[in-house]
Structures are given as C-alpha cells and as structure tokens.
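Me: Please walk me through this model in short questions and answers. Keep it brisk.

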Amino acid sequence: MTDTARQATRLDAISGHYDRWLLGVACALACLGVVMVGSSSISIAIDYGVGPFHYLVRHVAFLAVGVGLAVWLMRTELKTVEHYNHWLLLGCVALLLAVFIPGLGNEVNGARRWINLGVSSFQAVEAVKLLYIIWLASYLKRYSDEVTATWSAMLKPLGVAGLLVVLLVLQPDFGSLSLILAITGGMLVLGGVNMPRMFGPVLVGLPLLAVVAIAEPYRVRRLTSFLDPWADPFNSGYQLTNALMAVGRGEWFGVGLGGSVQKLSYLPEAHTDFILAVIAEELGFIGVCTVIGLYAVLVGRALWVGLKCVEMRRYFAGYCAFGIALWIGLQSFVSIGVNLGLLPTKGLTLPLVSSGGSSVLMTCAALGVLLRVSYELDRAQRQVARLRGEAMQPSTGVPPTAQPLPSVAKPAAAASSKAARGTSRLRQRIEPVLGRTGA
C-alpha cells in the first residue's frame, strides 16, 4: 500500500462529533414544548370532546417521528443530499400543487394548505421550506462566482422564489411566502451577492408584497387591529388583546405552571400560534427571556457553524447552515413578535415548541441536517489537525514539504486559480490552506 493510500485510510477512519450546543438547545426547546403543549391544550381538548391529553399525545407522537427523521438525516452524508438537489426543487413545486388536487388537498377556513395523508394532514409549505433551502444552498455553491458577477445568475433563485410565492398566494399563505422571500434574500447576501444589484429586485418586490398584503380584507383588518387592538377587543382585536392580557398577568415570574386563565377558552390557538402568551402568563418575564435566549443560542451557533464551514471551503454545508438559521430565527422572531403585540397577527408557529405536526416534523428534519453539518465540520477539522501533526513530525523519511497534500485541501495551483476566478465576498475574505486562513 502506498503512503498516499495509507494516509487516505487514516483520514477515513477519523469520525466527528455533533455540536453539543445545537443538540442541547434543541432538546431543551423540545422538552419545553412538550410541557407547554400539555399545559395549554387541556382546556381546548375538553371543549372539543377529544380527551384532555389528546393534543399532548399527538404532539409527542409527531415529535417522536421527527426525532427519527432527524437521526436518519444526521447519519446521511451531505454529498448524498446535495446529489438530489434538482429533485428537491421539483418536490417543492409538486407539494404546493398537490394541495389543489381534489380529494388530496384539504381546505380549512378558506385556505388550501394541507395534504390529506389519511391518518393526519400535512402542511405542504413546511416541507417546502427545508427542500428549498437545500436546493438554494446547492445553487449558491455551484454558481457562487456567477451570482456575484451577473444579473442572470442572481435572478434565477429569485425567479424560483417568485414561482413558489405565486403558488402560496393561491392557497393563500402570506406568512410563509414572506418567510421564503426573506430566506432567499438572506442566503443570497450571505452567499456574496453584489449588494447594489440586490436593490433593484427589492424595490420592485416590496410594492408587490404590499399589494398582496392589502388585497384581502382580512389582512387589512389584521394590520389595523395590530395598531390599536383595544379599539375592537371583541372582534378584530380579540386575539391580540387576550394575548396581551396573558403577557401582562404573568409579570416577572408568572402565575405558575398550569395556572393560566387565558388558555381557558379565552385565547384562540393557545397551544399553537399563541403558545408564547401562555408561557408568559405561567412562567413570566423570566420564562419569555429564557425562550428568547434559547433561540438566540440556537441561531447564533448555527450561523457560527456555517461560517466555519465556509472558512474550510465546505460551501454547501455552510449555506445549508445559514438557511436553516435564517428559517428558525425569522420564524421564531415573527411568532414572538406577534404574541407580544410587536408585529401584526400571523399564523406562524414557534419552532419545536408550538403544537403542529407538520412544523414539528420538518423542524426536527432541519435540525438533523444542521447537526450533520456540524458533524462533517468537526470531522474535517480533525482530519486537518491530523495532517498538520504528521507534517510537523513525519513518520517516514519524506520531508514535510514533499508529503502529499490532504484530500480536504486543494493543491496550491488549483486553489490560486479558484481564488482568482471567484468574486464572492466570502471567498475574498477567507481563503484557507490546510485549515489556515488568509486574505
């Protein structure tokens, strides 16, 4: 066996570790969700005559399936996921079209957002968020230089997002379409897109988004009730006024777990969209700050993992981490803002905490991908550390300068050629060689 083959074998034998911060925070949020869904859903379940623990059992069942899905993705190589990127994009379109098929799509309160799976309904857009992020991460890896330098490469993902937005308008689902547009813009910026060139699509898209927002009377009522919910507290401002009363009643330390009054058929959707208001009432200001802190750690750590991946030229992994961080960060920000009266009422769940089978399943799947990113990053760092140690203390008679370069780093000529060709701002700032970074 040659020295190069032995070196490759040694590198392949090195394994990585999953990021403990990501895993710990995700488990903490999931446990908090189980407790709060159980506390907030008993009264609603009794009102519907389905047993006091119906929604809790349902939530735990979906969480168990989601954990299984996460474990499967944690054990799947990212290169395998990336290989199917085009099929994932087709899956996005197929899922959003499936809700309009008679007999397959379900209509609830005038909206067609769910696919009937027999035993349960699945909200298609929840899967679309993850599939779209993976496709966009693959696109940015393959066309990073072109996205920065040309209009056509930058507009292609915006065009795909526009197609998804049209399908979401037909459902309608204004909250999810806004989230997808925000994720697209955020990933393009983190992917190194030319910022002045982004202003054109933004200036065109914002007026169109405003027109969509005011096209439906119920959306206009939500906007006006958000500005002054007490003007009509028993109609358009009913949800927000009850949420604010729950928040105010909690004060510093809350009334105690299970002691909420607003969840007793006063606060609509207490176990889903407005679960944070119940947390505020039962656990108080300290409880709300704890929830916000957990999301801040989760999102911040995901962004840090993504940045480290980009530094090591693992661009697909890095962009996946960026996209998942944007998704969880933006959705939790909107959900918290709605509950606290800082944003207009919008039906977005609190990731991992709110009851909702589709949301729980796909958030677990996204965290599985994120943990896989952290695993492969740690494995690559260990491989580089092994090679650097061997270069400093070679076991053979070959001088360190004559030893083969590691498989995780490109030869100097290829690296310099790629650096010269690349125009991405991230690539200009960070060009690592054997784990070291240079301008």
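The turns below cover salt bridges, helix packing, a surface patch and backbone details.

Me: What kind of model is this, and how are residues numbered?
Reply: Residues are numbered from 1 along each chain as its sequence is written, and side-chain values use heavy atoms, with hydrogens and water left out. The model is predicted: local features need pLDDT of at least 70, side-chain atom pairs count only at pLDDT 80 or more, and totals for chains, interfaces and linings use all residues.

Me: How many salt bridges does a search of the whole structure find?
Reply: A salt bridge here is a side-chain nitrogen of Lys or Arg within 4 Å of a carboxyl oxygen of Asp or Glu. Across the whole structure, the search finds 11.

Me: Which residue meets Glu 77 in a salt bridge of 2.9 Å, N to O?
Reply: The side chain of Glu 77 pairs at that distance with Arg 372. Glu 77 sits in the loop between α3 (54-74) and α4 (78-83) and Arg 372 in helix α15, so the pair ties together parts 295 residues apart in sequence. Helices are DSSP runs (H or I, at least four residues), numbered from the N terminus. The partner is Arg 372.

Me: Is Arg 372 buried or exposed?
Reply: Buried means under 20% relative accessible area, exposed over 50%, and partly exposed in between (1.4 Å probe, protein chains only). Arg 372 has 5%, so Arg 372 is buried.

Me: Which residue meets Glu 311 in a salt bridge?
Reply: Both partners lie in helix α13 (residues 275-311), 3 residues apart, about one turn of the helix. The N to O distance is 3.6 Å, and the partner is Lys 308.

Me: How are α5 and α8 oriented to each other?
Reply: Helix α5 (residues 85-98) packs on helix α8 (residues 151-170) at about 15 degrees, with axes 9 Å apart. Axes are lines fitted to C-alpha atoms over the stretch in contact, and angles run from 0 to 180 degrees between N-to-C directions. Angles under 35 degrees count as roughly parallel, over 145 as roughly antiparallel, 65 to 115 as roughly perpendicular and the rest as oblique. The two helices are therefore roughly parallel.

Me: Which helix gives the most to the nonpolar patch?
Reply: The patch holds Val 189, Met 195, Phe 199 and Leu 203, with about 370 Å² of accessible area together. Met 195 is partly exposed, at 32% relative accessibility. The top contributor, with 3 residues, is helix α10 (residues 195-215).

Me: Where is the cis peptide bond?
Reply: Its proline falls in the loop between α8 and α9 (174-190). Omega is near -5 degrees, and the bond runs from Gln 171 to Pro 172.

Me: What is the phi of Leu 352?
Reply: Leu 352 lies in the loop between α14 (315-339) and α15. Leu 352 is buried, at 5% relative accessibility. Although not a glycine, Leu 352 has a positive phi of about 75 degrees.

How values were computed:
Patches are made of residues with over 30% relative accessible area and no salt bridge: like charges are joined within 9 Å, nonpolar side chains (Val, Leu, Ile, Met, Phe, Trp, Tyr) within 5 Å. Accessible areas come from the Shrake-Rupley method with a 1.4 Å probe; for residues, only the protein chains shown count as cover.
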